[in-house]
Amino acid sequence: MKRIALLLLLTSALFADDLPRRLTIGVAAAPADNGLAVQSVTPGFPFEQAGIREGDVITVIDGKPMTNPRDLIASLRAHKLGETMHVDVLRGTEKKSFDVAMREHPKLTSNAYDIVYDSVRDPESGARYRVIVTKPRGVAKAPALYLVQGLGCFSIDTAQDFYTTMLDTATKQGIVTLRVDKPGAGDSEGGPCPEVDFNTEVRAYQAGLRYLAAQPYVDAKHITLFGHSMGGIMAPVIAEAGPLSKAIVYGTGYSSWFYYMLENGRRQARLAATPFDVMGEQEKQFEKLNSLLFIQKKTLEEALTEVPAMRDHFPDGHSYAGGKPVKYFQQIYDLNLAKEWKEAKLPVTAIWGTSDFVSSEADHEWLAAAVNSWLPGKGKLVRLEKTDHWFNHAKDFTQSLMSGGNGTMNDAIVTTVLQEVDR
């Protein structure tokens, strides 16, 4: 695939911000026996204002039973600003009902720099995706940092420790930053997000790169992409859409997706103290399942019918990993990542946290070595001591696993990334 270098052909129609703001309710909920258990409510947001509390169980919204967080998202997306959502909950054994007023999600703000909300359009599907720019004040033209987040259907149009801290620090250092909400997340159209495939997500990020390179205040000769986890796998494919001068990846993959999943499953099974003989049998079953999915291109349901021992590992019969469908990962498997990186012709810094049990040091070393094979001296491996996949302090794999992704961010990751940005 050829890299697209000419941005002059782009029309202003691709960069028109007519994208409505999403609504917000300010609640986190997880499946429970009789509905969705409210884990937290955000003070000042609609659910809290209506009187719903942590510990309540949401049973019905607008007459529809709630069994999965996707049901809650679908109910929210069915409403418009000014409408009311009718919510039935259980508080202990008592049934209660609440009317929740819809309001827009607040925009990010800063006193130190400008934040621009805009949108881009997918030239294939026509869907519009939210882009958010942070722009230093008083700078005519600046280098840029493009953040591509990891796997999952969360919105990045919100304050998040690492992403927010890194983008805030970068902008204060005179760097323009860009982030894109993936299809079906936040304001972005398309989706629902859990059903969006890999190639569609990549197109959204490619549209974001074209947008970034076309801005008059961006030095298009100095655009660095930072890819976290899945964002690092996407990085060389995104690079086909426009000018990138460098890539920085963290906690990502380089090997075949088939191989990665087997290795990652083995690593995590051992951390969970799975008996070795049990682990060995699980590996055999997982190998059979992956062969059906990635080589024979079976659906998950078809594969589980042939390998029923794995059914408990995929309780919804649809999602393969991270809430995403099998098709998403089949498209990744079809990539030759080494070829994609070679064609991208980018200097690469591969950063790996020594407590990151989700990715391997070997994949990062291989990526750096591969880049050096075609661009001598342009591949770099950086090991960040006692840092896990989510950028948090953790002394080892076990502590990171036990923390469940929670913890205190290691500030060294921000310094390390920004030192590697091309300026």
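This is a predicted model: local features need pLDDT of at least 70, side-chain atom pairs count only at pLDDT 80 or more; totals for chains, interfaces and linings use all residues.
1. The crossing of H5 past H9 is left-handed.

2. Have a look at the side of each helix that makes this contact. H5 contributes Met230, Ile233 and Met234, while H9 brings in Tyr328, Phe329 and Ile332. By class, this contact between H5 and H9 has 6 nonpolar residues, with no polar and no charged ones.

3. Next comes the sheet. It is open and has 8 strands with mixed pairing, in the order S9-S10-S12-S11-S13-S14-S17-S18. Strand S9 (114-121) and strand S18 (379-384) are the edges, each pairing on one side only. From one strand to the next, the twist averages 20°.

4. Within that sheet, strand S10 (residues 128-135) and strand S12 (residues 176-180) run antiparallel and are joined by 4 bridges.

5. Helix H11 (residues 361-374) packs on it and touches strand S14 (246-250), strand S17 (348-353) and S18, with a direction at about 160° to that of S18. Helix H13 (residues 412-420) lies across S11, strand S13 (218-228), S14, S17 and S18, and runs at about 170° to S18.

6. Finally, proline 143 sits in strand S11 (residues 142-148). Its relative accessibility is 15%, so proline 143 counts as buried, the cut-off being under 20%. Among the residues that proline 143 touches are Ile175, Val176, His222 and Arg423. The C-alpha atoms of proline 143 and lysine 221 are separated by 7.8 Å, although these residues are 78 apart along the chain.

Methods: Residues are numbered from 1 along each chain as its sequence is written. Side-chain values use heavy atoms; hydrogens and water are left out. A crossing is left-handed if the near helix is turned anticlockwise from the far one by less than a right angle, and right-handed if clockwise. Helices (H or I, at least four residues) and strands (E, at least two) are DSSP runs, numbered from the N terminus. Contact means heavy atoms within 4.5 Å. Ala, Val, Leu, Ile, Met, Phe, Trp, Tyr, Cys and Pro count as nonpolar, Asp, Glu, Lys and Arg as charged, and the others, Gly among them, as polar. Buried means under 20% relative accessible area, exposed over 50%, partly exposed in between (1.4 Å probe, protein chains only). Two strands pair if DSSP finds at least two bridges between them. Axes are lines fitted to C-alpha atoms, for helices over the stretch in contact, and angles run from 0 to 180 degrees between N-to-C directions. Lists of a residue's contacts leave out its neighbours within four places in sequence.
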